[in-house]
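Colleague: I have a model open and want to learn how to read its features. Can you take me through them?

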Amino acid sequence: MRKALGAAAAALLAIVGSSAAMAARTDCQPQALRDLQRLSPQGRAIYDQIGDKRHFLRFLTCEDVVLGLATAVHESVHLLTSEKNAYPLINGGIAARATEDLRFFPPRAIARHFSAGDVYVQSYLKRGSATSNEDFRFLLDELNAYSHDLNSAVKLASLRKPADGEVGHRDGLASLMSFVMSYVDTARQSEPGTWANLQRPEVKETVRTLWAQAEAVLASACSVPHFGQDDRRPIAFLADASNGAGLAELLGRAPLRPCQATASSGSSLTR
Ligand SMILES: [Zn+2]
């Protein structure tokens with residue numbers, strides 16, 4: 001988690017350009033919190049639940065308030081997950097985190113199925129990157145954080161200004177969904193120990209819950225304009241019928257494959 005937050009902080013510095021820029025603008029924060037309450041009560045609930053409000057505000061930048069709020073919600077979800085030892089859900093519930101004694105193969109083993117130059121692969125699957133490369137529990141933590149992140153951005157979309165331009169709000173969730181899909185396929189094909197652990201009722205229930213939440217959020221974001229920069233490849237991965245057999249078995253239904261007609265391409269940022 002600590003490592004994951006370090007990577008996120010580094011990514012945030014890349015977003016705003018410099019620490020001086022971070023210090024320069026906090027004037028939007030009181031209004032932004034009121035807007036979050038008004039437009040995205042589910043995002044506001046994350047702010048209300050964390051003990052350390054400074055953690056949230058540290059990520060609430062003012063250059064693009066929608067991006068700032070979505071990022072602050074994302075990073076606060078990580079903090080809450082660590083505090084609760086469970087994944088906080090958008091609907092206010094929680095999903096259990098698999099216990100430490102269960103073995104899952106390291107997610108970095110699936111990096112070979114994706115482009116090595118992809119910024120999300122480098123941030124979440126490359127050896128030495130965020131903890132998600134080592135531990136499936138943290139890959140699910142990122143899936144959940146990006147679900148909250150995009151859900152908040154969708155709810156806050158009316159606050160966007162023309163100057164905000166094209167922002168990759170969909171990119172992160174689409175990428176994490178493609179990673180989880182590939183991970184479960186790989187487990188089913190060649191990692192019997194992990195596959196057996198994924199079948200455990202409590203683990204299966206968590207994967208089902210987090211996956212269904214992600215599906216619903218991504219589907220809600222398909223038609224929001226200027227919300228994708230580099231989501232074409234992960235959405236194409238999700239749409240490929242040769243992927244997803246593992247999830248289908250785990251879910252007891254075919255995984256949904258949202259946004260097939262709306263993805264765009266370009267550069268992107270992670271958090
Ligand atoms: Zn994250």
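Modeller: Start with naming. Helices (H or I, at least four residues) and strands (E, at least two) are DSSP runs, numbered from the N terminus. In this chain the secondary structure comes to 13 helices and two strands. This is a predicted model: local features need pLDDT of at least 70, side-chain atom pairs count only at pLDDT 80 or more, and totals for chains, interfaces and linings use all residues. Residues are numbered from 1 along each chain as its sequence is written.

Colleague: How is burial read, and what percentage of the 271 residues count as buried?

Modeller: Count C-beta atoms, placed from the backbone. A residue is buried if 20 or more others lie within 10 Å of its own, exposed if 12 or fewer, and partly exposed in between. Here 46% of the 271 residues count as buried.

Colleague: And contacts?

Modeller: Two residues are in contact if their C-beta atoms, placed from the backbone, lie within 7 Å. Take the contacts in the chain between residues at least 6 apart in sequence: 77% of them join residues at least 24 apart.

Colleague: Is H6 mostly covered or mostly open?

Modeller: Mostly covered. In H6, 17 of the 20 residues are buried.

Colleague: What follows H6?

Modeller: Asparagine 85. Look at its phi. Most residues other than glycine have a negative phi. Asparagine 85 is not a glycine, yet its phi is positive, near 50 degrees. It sits in the loop between H6 and strand E1 (86-88). Asparagine 85 has 12 other C-beta atoms within 10 Å, so it is exposed.

Colleague: Which cysteine has a positive phi?

Modeller: Cysteine 259, at about 70 degrees. It lies in the segment after helix H13 (245-251). Cysteine 259 is buried, with 24 other C-beta atoms within 10 Å.

Colleague: Now helix pairs. How do I read a packing angle?

Modeller: Axes are lines fitted to C-alpha atoms, for helices over the stretch in contact, and angles run from 0 to 180 degrees between N-to-C directions. Angles under 35 degrees count as roughly parallel, over 145 as roughly antiparallel, 65 to 115 as roughly perpendicular and the rest as oblique. Helix H4 (residues 41-49) and H6 pack at about 50 degrees, with axes 9 Å apart. That makes H4 oblique to H6.

Colleague: Which residues make that contact?

Modeller: Gly43, Ile46, Tyr47 and Gln49 come from H4, and Leu69, Val73, Ser76, Val77 and Leu80 from H6. For classes, Ala, Val, Leu, Ile, Met, Phe, Trp, Tyr, Cys and Pro count as nonpolar, Asp, Glu, Lys and Arg as charged, and the others, Gly among them, as polar. The contact of H4 with H6 has six nonpolar, three polar and no charged residues.

Colleague: How are helices H8 and H9 arranged?

Modeller: Helix H8 (residues 136-155) packs on H9 at about 150 degrees, with axes 9 Å apart. The two are therefore roughly antiparallel. The H8 side of the contact includes Phe136, Leu139 and Leu143, and the H9 side includes Leu173, Met177 and Val180. By class, it has 12 nonpolar, three polar and three charged residues.

Colleague: Which angle does H9 make with H11?

Modeller: About 145 degrees between helix H9 (residues 169-190) and helix H11 (residues 201-221), with axes 10 Å apart. Among the contact residues are Leu173 and Met177 of H9, and Trp211 and Leu218 of H11. The contact divides into nine nonpolar, one polar and one charged.

Colleague: What does proline 258 touch?

Modeller: Glu215, Leu218, Ala219 and Cys222, not counting residues up to four places away in sequence. Proline 258 lies in the segment after H13. It is buried, with 24 other C-beta atoms within 10 Å. Proline 258 and alanine 221 are 37 residues apart in sequence, but 9.2 Å apart in space, C-alpha to C-alpha.

Colleague: Where is arginine 200?

Modeller: In the loop between helix H10 (192-199) and H11. With 13 C-beta neighbours inside 10 Å, arginine 200 counts as partly exposed. Arginine 200 is 102 residues from alanine 98 in sequence and 9.7 Å from it in space, C-alpha to C-alpha.
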